[in-house]
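Student: I have a structure to go through and would like to ask about it step by step. Can we start with the overall fold and then move to the details?

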Amino acid sequence: MALKRQQNIFKSELNDIVRGACGGFLFGIPLLYTMEVWWVGSLVKAQLMMSAIALMFVVVFLLNKTEGFRKLQRRQRPYEVITDTIEAIAIGIICSALMLILLREITIATSLKEAIGKIIFESVPFTFGVALANQFLGESNNNQESSHNNHQKPSNLNATFADLGATLIGATVIAFNIAPTDEVPMIVAAVSAPWLLAIIAASLVISYAIVFQAGFSDQQKRKQQKGIFQRPLSETVISYLVSLIASAFMLWFFHKLSFSNPWSMWLENTLILGLPATIGGAAGRLAI
Amino acid sequence: MSRSESKAERTPAEWITLSISLFILAIIISLVGYIWINEKKSTTNYFCQ
């Protein structure tokens with residue numbers, strides 16, 4: 001009994017951290033694909049890095065006072081908002097550092113100053129996302145009420161099409177801003193095949209975590225949904241494929257890819273744009 | 001329990017998260033401090049020459 005309670009405590013803490021990290025990804029991913037932020041991080045002086053951390057602390061503290069990333073808020077004592085702020089900043093720093101390593105913006109050859117600068121400046125939007133996690137796609141009473149009132153369940157095919165459409169819309173909203181920029185080919189030039197495999201794995205894990213782990217919406221309802229591919233794993237994989245198709249189309253639409261390009265170029269560019277598109281697609285499915 | 005309700009006390013898992021978070025923040029601040037000191041040193045050397 002005591003062991004089960006202990007496990008529940010750790011599970012709920014892990015869920016809170018995953019929710020925070022997913023909020024960070026939803027908010028921070030567009031700026032991760034912005035080379036100006038990499039440059040600012042590379043060139044910034046230590047004084048400005050310190051100021052960025054201080055400013056981030058103040059803003060996240062204020063955001064945590066109203067929202068935060070924890071399901072059960074602790075605002076009985078003033079220091080509890082401070083501890084939540086420290087945790088939000090740490091989650092933002094870890095997520096942005098991992099993503100910068102994944103996209104090869106930080107390598108062994110990168111100098112310490114450049115790496116720290118990039119991590120701090122990229123962690124600002126991530127940390128804001130962590131602090132706003134409950135605000136994004138959080139459980140709303142309206143949704144719960146409407147789900148209780150809605151006695152007519154949609155057919156399997158309709159539910160499947162609704163999910164596909166939501167994935168497409170979400171992927172387009174996020175990736176449409178990134179597709180015409182030069183960041184995608186720049187990242188493609190820096191990554192090798194093993195890193196592309198890591199990007200595929202990260203896309204799938206983040207998408208699964210946003211929809212089925214972070215507790216942004218009624219997860220039980222989603223897990224029980226019946227449809228052609230509406231099991232957590234198959235839904236994640238099919239949605240990823242839909243996001244990849246949308247990414248390839250967007251790259252072709254903006255003349256970043258043409259039919260005369262080799263298939264490997266199509267694959268690399270699509271996988272790189274597929275990461276933000278998948279995150280957008282996951283958010284889109286939560287919104288329906 | 002709704003999101004707006006408060007929890008009474010910090011669990012061991014939350015203490016672990018806080019400790020790790022403090023550790024990460026301490027590392028980042030120390031590294032920035034180290035870079036700052038090095039920047040100052042190099043600026044001083046430049047003016048000495």
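Student: How many helices and how many strands does the secondary structure of chain A come to?

Tutor: This is a predicted model, and the elements named here belong to that prediction. Read from the N terminus, the elements of chain A run α-α-α-α-α-α-α-α-α-α-α-α. The total is 12 helices and 0 strands.

Student: What share of the residues in chain A is buried?

Tutor: A residue counts as buried when its relative accessible area is under 20%. Chain A has 288 residues. Of these, the buried ones make up 50%.

Student: Of the contacts in chain A with a separation of 6 or more, what share comes from residues 24 or more positions apart?

Tutor: A contact here means heavy atoms within 4.5 Å. Among the contacts in chain A with a separation of 6 or more, the share from residues 24 or more positions apart is 82%.

Student: Does the length of helix 12 fit its residue count, or what end-to-end distance do its C-alpha atoms show?

Tutor: Helix 12 of chain A covers residues 263–287, which is 25 residues. At 1.5 Å a residue it should span 36 Å. The value in the model agrees with that, because the end C-alpha atoms are 34 Å apart.

Student: Where does helix 12 of chain A bend?

Tutor: The bend in helix 12 of chain A is about 40°. A proline, Pro276(A), follows within four residues of the bend. The residue at which the helix bends is Gly274(A).

Student: Is Ser111(A) buried, partly exposed or exposed?

Tutor: Ser111(A) lies in the loop between helix 4 (78–102) and helix 5 (112–131) of chain A. Its relative accessible area is 38%. Buried means under 20% and exposed means over 50%, so Ser111(A) is partly exposed.

Student: Which helix of chain A has the lowest confidence?

Tutor: Chain A averages a pLDDT of 85, and its highest helix mean is 93, in helix 5. Over residues 141–151 of chain A, pLDDT stays under 50, and the model has 2 contacts beyond four places in sequence for them. The lowest mean is 48, and it belongs to helix 6 (residues 141–149).

Notes:
Residues are numbered from 1 along each chain as its sequence is written. Chains are lettered from A and ligands numbered from 1 in the order in which they are written. This is a predicted model: local features need pLDDT of at least 70, side-chain atom pairs count only at pLDDT 80 or more; totals for chains, interfaces and linings use all residues. Side-chain values use heavy atoms; hydrogens and water are left out. Helices (H or I, at least four residues) and strands (E, at least two) are DSSP runs, numbered from the N terminus. Buried means under 20% relative accessible area, exposed over 50%, partly exposed in between (1.4 Å probe, protein chains only). The expected span of a helix is 1.5 Å times one less than its number of residues. The bend at a residue is the angle between axes fitted to the seven residues ending there and the seven starting there. pLDDT is the predictor's confidence in each residue, from 0 to 100.
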